[in-house]
Amino acid sequence: MKAWLRAKPGREAVLAENRSYIFFRELDASAAAPRGSSGVDLYPGRSLATDPAFHQAGTLLWVSAPDLTFHRKRFQRLTVAQDTGSAIKGPQRGDIFAGTGDAAGESAGAVRHSCDFIVLQPRC
């Protein structure tokens, strides 16, 4: 499918038919990393897309996904809500930014794991 889309003239029109693809765009070669909806560069394995109705941009979340490995390590780490997504609905739903390139795309496409979120908030 990727090869077909790359070879197809007018592929942007095809991708526009699916709302899940709205966040894909080619980056300028000088860009250090893609930016999330919060306006900051995303960091692989640390940036999390969440539902803004539950977690505002900049919220710190400890994510523990016992069955998920990231760079050969169990995924249990501090993340930051830095992006949103139209399919991410609910307090304990998220999408981990895996990085850029083919390997990151393969990793991201395989993530469908249960996890626990712990939201870190300052005491008021």
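This is a predicted model: local features need pLDDT of at least 70, side-chain atom pairs count only at pLDDT 80 or more; totals for chains, interfaces and linings use all residues.
Good morning. Leaving aside neighbours within four places in sequence, Ser 64 is in contact with Arg 74, Phe 75, Gln 76, Cys 115 and Asp 116.

Where does Ser 64 lie in the chain? Ser 64 belongs to strand β2, which covers residues 60–70. Is Ser 64 buried or exposed? Ser 64 has a relative accessibility of 10%, so the residue counts as buried, the limit being under 20%.

The chain contains three helices and five strands. The chain has 124 residues, and 25% of them count as buried. Its accessible surface amounts to about 9200 Å², and carbon and sulfur atoms account for 53% of that surface. As for contacts between residues at least 6 apart in sequence, 62% of them join residues at least 24 apart.

I return to one of the contacts of Ser 64, namely Phe 75. How many aromatic pairs does the structure hold? The structure holds one aromatic pair. Its members are Phe 70 and Phe 75, with ring centres 6.1 Å apart and ring planes at 85°, so the arrangement is edge-to-face. The reasoning takes two steps. In general, a pair of aromatic rings is described by the distance of the centres and the angle of the planes.

How accessible are these two residues? Phe 70 is buried, with a relative accessible area of 13%. Phe 75 is buried as well, and its relative accessible area is 0%.

I turn next to charged side chains. The structure holds one salt bridge. Which residues form the salt bridge? The side chains of Asp 41 and Arg 35 meet there, with a distance of 3.0 Å from N to O. Asp 41 has a relative accessible area of 33%, so this residue is partly exposed. Arg 35, with a relative accessible area of 55%, is exposed, because the value is over 50%.

Ser 64 is a buried residue in strand β2. Asp 41 and Arg 35 form a salt bridge. Thank you for your attention.

Methods. Residues are numbered from 1 along each chain as its sequence is written. Side-chain values use heavy atoms; hydrogens and water are left out. Rings of Phe, Tyr and Trp (its six-membered ring) pair if their centres lie within 6.5 Å; planes under 30 degrees apart count as stacked, over 60 as edge-to-face and the rest as tilted. Buried means under 20% relative accessible area, exposed over 50%, partly exposed in between (1.4 Å probe, protein chains only). A salt bridge is a side-chain nitrogen of Lys or Arg within 4 Å of a carboxyl oxygen of Asp or Glu. Helices (H or I, at least four residues) and strands (E, at least two) are DSSP runs, numbered from the N terminus. Contact means heavy atoms within 4.5 Å. Accessible areas come from the Shrake-Rupley method with a 1.4 Å probe; for residues, only the protein chains shown count as cover.
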